[in-house]
Amino acid sequence: MAHQPADKKFFENLSGAGKAIGVLTSGGDAQGMNAAVRAVVRMGIYVEAKVYFVYEGYQGMVDGGDNIVEVSWESVSSILQVGGTVIGSARCKEFRTREGRLKAAYNLIQRGITNLCVIGGDGSLTGANLFREEWSGLLEELAQSGMIEEEAVKKYVYLNIVGMVGSIDNDFCGTDMTIGTDSALHRIIEVVDAIMTTAQSHQRTFVLEVMGRHCGYLALVSALACGADWVFIPEYPPEEGWEDQMCVKLSENRARKKRLNIIIVAEGAIDSHNKPITSEKVKDLVVQQLGFDTRVTILGHVQRGGTPSAFDRILASRMGVEAVLALLEATPDTPACVVSLSGNQAVRLPLMECVQMTQEVQKAMDETKFCEAVRLRGRSFENNLNTYKLLSHRRPDAELPKDDLSCSTNFNVAVLNVGAPAAGMNAAVRSAVRVGITEGHNMFAVIDGFEGFARGQIKEISWGDVGGWTGQGGSLLGTKRTLPAKYLEKIADQMRTNNINALMVIGGFEAYESCLQLAEARARFEEFCIPICVLPATISNNVPGTDFSIGADTALNAIVETCDRIKQSASGTKRRVFIIETMGGYCGYLANMGGLAAGADAAYIFEEKFDIRELQANVEHLTEKMKTSIQRGLVLRNENSNENYTTDFIYQLYSEEGKGVFDCRKNVLGHMQQGGAPSPFDRNFGTKISAKAIQWISKKLRETYRKGKVFANTEDSVCLLGMRRRNLLFQPVVELKDQADFVHRIPKEQWWLKLRPLMKILAKYKTSYDVSDSGQLEHVARHSPKEAETGAI
């Protein structure tokens, strides 16, 4: 939604002068909490408020003393990459009593704190809300007992509360993702990938127990991300007789030469009578009925630990900044709010509405209303479950009745990769093949992009051919950057020869351009008058029509991991600045978001012009920084950000200007950003959007099938499926033409540029930040089941 400059609202008008903000983490810890704490502290100090750490959660607030300490900018240095919470978290029985809350109120008043930022689960947030409601009563009681002056009651009359949800279980309604969930998935997937290699050696079955006492999100998404054979979650208990069904499926998979079986069990898994299904019970069942060599692995607290992923750092940083803005804008009439993520947008929701809905999920499950529980969990959860059901439902090819057109369409659908390899492409191909077969199509794989297409490198691909593809990086089909323009005639011939009725193209900007060329060539070649869908897959994240591309998250994690190591190497040698070059063509997404996630001091990108004066200002900024206790710097540069200010030039300039103050090192990350196993986000995103694209293709095939052939020549039959703000949308490639800069191969408008000021603020630069999108308190959306189909990822 483009705002006119007149509508724009900048946070410079919001001052925190004279205000005091307390930040605490409560309940179970989650990776990314430190990134949120850092963002709250730095944003708070930036707007000239005083910021206090409350150590050990509510316990520290009740105990007071050294547990509540004013902090400085440097206090939160080097915590971005640390898991857990550096300010500690504790369960506190005393805070549940009025007596305890009275002590807490007294301790806050002593320091003038009337703004609280609480990072925790629903229990912690409910406690905060009760504290807020009782606040004025607590103050009056303190005044009557002579512990505080009457003046203080008038001065500190209101307490503002803003919550952020830190929970690896993703069990809080109102947000698509909670802080820590993505990192926990990273831990699970690392373990699954490791287990898969050992299980392959021995023909084993592994039963993996993951966390999620009341919520099956981790189990469900990790099952999608590793192609598990079976998953048990609390919200979707298996049907009666599941024991036999599961064993049949496992033995069928073994018969098809699959050497390993993976079963994922959420710790809170239940059957339809609310009786627990434990990992041991599942193991015993497999051993007794099938005699398979079976092992149980309980992941436990491993899932809570380790370094936060790039996604969690960015999410927590965005939420932390938004939380401070919400506190500054709060009035006595504003209800306590929670900062949430909806699709790709930070939103504020009334805290108690979210808590109430979260409690309704548990109530629905206690009453065995499981469909209702899934609906209440929200669109993201429902989409995951629907995709899992689609992928686990297989009709054996041999058993398709030839006359049953409901399950066999005999449409031929081809899948190919175009452009540079991106992690997650294989997960998308696997999902397309399996959902396509389930929908009754014959699936064809094209090797080596449009070059291979022109040469006739096309083969039918079966269900079993794509087994184990989700965790593989790169492109197993092979991919080339070549556009189809010079091979149109040969490609048309191959389409006719193989009777291709629909096409799915997975790739980057070249994939988008290719489909545009095919659409424009329809007048000359009737063979291209078929449904065509583009799935964006590139590490550069430069495809028009989508906020995210498959592969960009994996690349971002590779950059952030390397930056962490580089920063760590500087801890021994003080006063060092690292200049790091990232990939991305002309698109600055990786440099900018990598900078935000790694805590960089600057990131040079093509989209924001810079000159020698800015470079000079950055050097001076770093010179000042070296006088503090943080004696190291990190600067990212996108490979094509400026043709004259090259990485070498910037390195030499910094080296010369920093002489005697700091020394420099440079690092070109190169193709390591393109490789590696796909992250859980990319596996999941690729799997889900691919399944959705095949369903769209099926619908278009039915609509355009006339007199024994498919004929589709409308603009809306060549679409790109992209994530836009809160929804997944199919957009005609022709319509997206105006939104693309073809010379530099980037979209003309890019959402992430709005987050650019965040990196600058958190690196202590004065900047302007447009907050037109935030500030509106919304209500928790209760969606209808139909809505899930267009929903968020």
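Q: Which residues of helix H3 are buried?
A: Helix H3 spans residues 98-110, and here helices (H or I, at least four residues) and strands (E, at least two) are DSSP runs, numbered from the N terminus. Buried means under 20% relative accessible area, exposed means over 50%, and partly exposed lies in between, with a 1.4 Å probe and protein chains only. By that criterion, the buried residues of H3 are Gly 100, Arg 101, Leu 102, Ala 104, Ala 105, Asn 107, Leu 108 and Ile 109.

Q: What pLDDT do local features need in this model?
A: Residues are numbered from 1 along each chain as its sequence is written, and side-chain values use heavy atoms, with hydrogens and water left out. The model is a predicted one, in which totals for chains, interfaces and linings use all residues, side-chain atom pairs count only at pLDDT 80 or more, and local features need a pLDDT of at least 70.

Q: Against which elements do the buried residues of H3 pack?
A: Packing is judged here by contact, which means heavy atoms within 4.5 Å. The partners of the buried residues of H3 include both helices and strands, namely helix H2 (57-63), strand S3 (68-70), strand S4 (115-120), helix H4 (122-144) and helix H5 (150-155).

Q: How far does H3 reach from its first C-alpha to its last?
A: The expected span of a helix is 1.5 Å times one less than its number of residues, and H3 has 13 residues, for which 18 Å is expected. The reach of H3 in the model is close to that expectation, at 18 Å.

Q: Which residue just after H3 takes a positive phi?
A: The phi in question is about 70°. The residue that takes this positive value just after H3 is Gly 112.

Q: At what angle do H14 and H22 cross?
A: Axes are lines fitted to C-alpha atoms, for helices over the stretch in contact, and angles run from 0 to 180 degrees between N-to-C directions. The axes of H14 and helix H22 (residues 680-704) come within 8 Å of each other and cross at roughly 35°.

Q: Which residues of H22 make the contact with H14?
A: The crossing of H14 and H22 is right-handed, where a crossing is left-handed if the near helix is turned anticlockwise from the far one by less than a right angle, and right-handed if clockwise. On the H14 side the contact is made by Ala 427, Ala 428, Ser 431, Ala 432, Val 435 and Gly 436, and on the H22 side by Arg 683, Gly 686, Thr 687, Ser 690, Ala 691 and Ile 694.

Q: How are H11 and H12 oriented to each other?
A: Helix H11 (residues 351-366) and helix H12 (residues 370-377) pack with their axes 8 Å apart, at an angle of about 160°. Angles under 35 degrees count as roughly parallel, over 145 as roughly antiparallel, 65 to 115 as roughly perpendicular and the rest as oblique. H11 and H12 are therefore roughly antiparallel.

Q: How do H20 and H21 lie to each other?
A: Helix H20 (residues 612-625) and helix H21 (residues 647-657) have their axes 10 Å apart and pack at an angle of about 50°, and H20 passes H21 in a right-handed crossing. On the angle scale given above, H20 and H21 are therefore oblique.

Q: What is the relative accessibility of Lys 707?
A: Lys 707 is found in the loop between strand S22 (705-706) and strand S23 (709-710), and its phi is near 50°, a positive value in a residue other than glycine. Lys 707 counts as exposed, because its relative accessibility is 88%.
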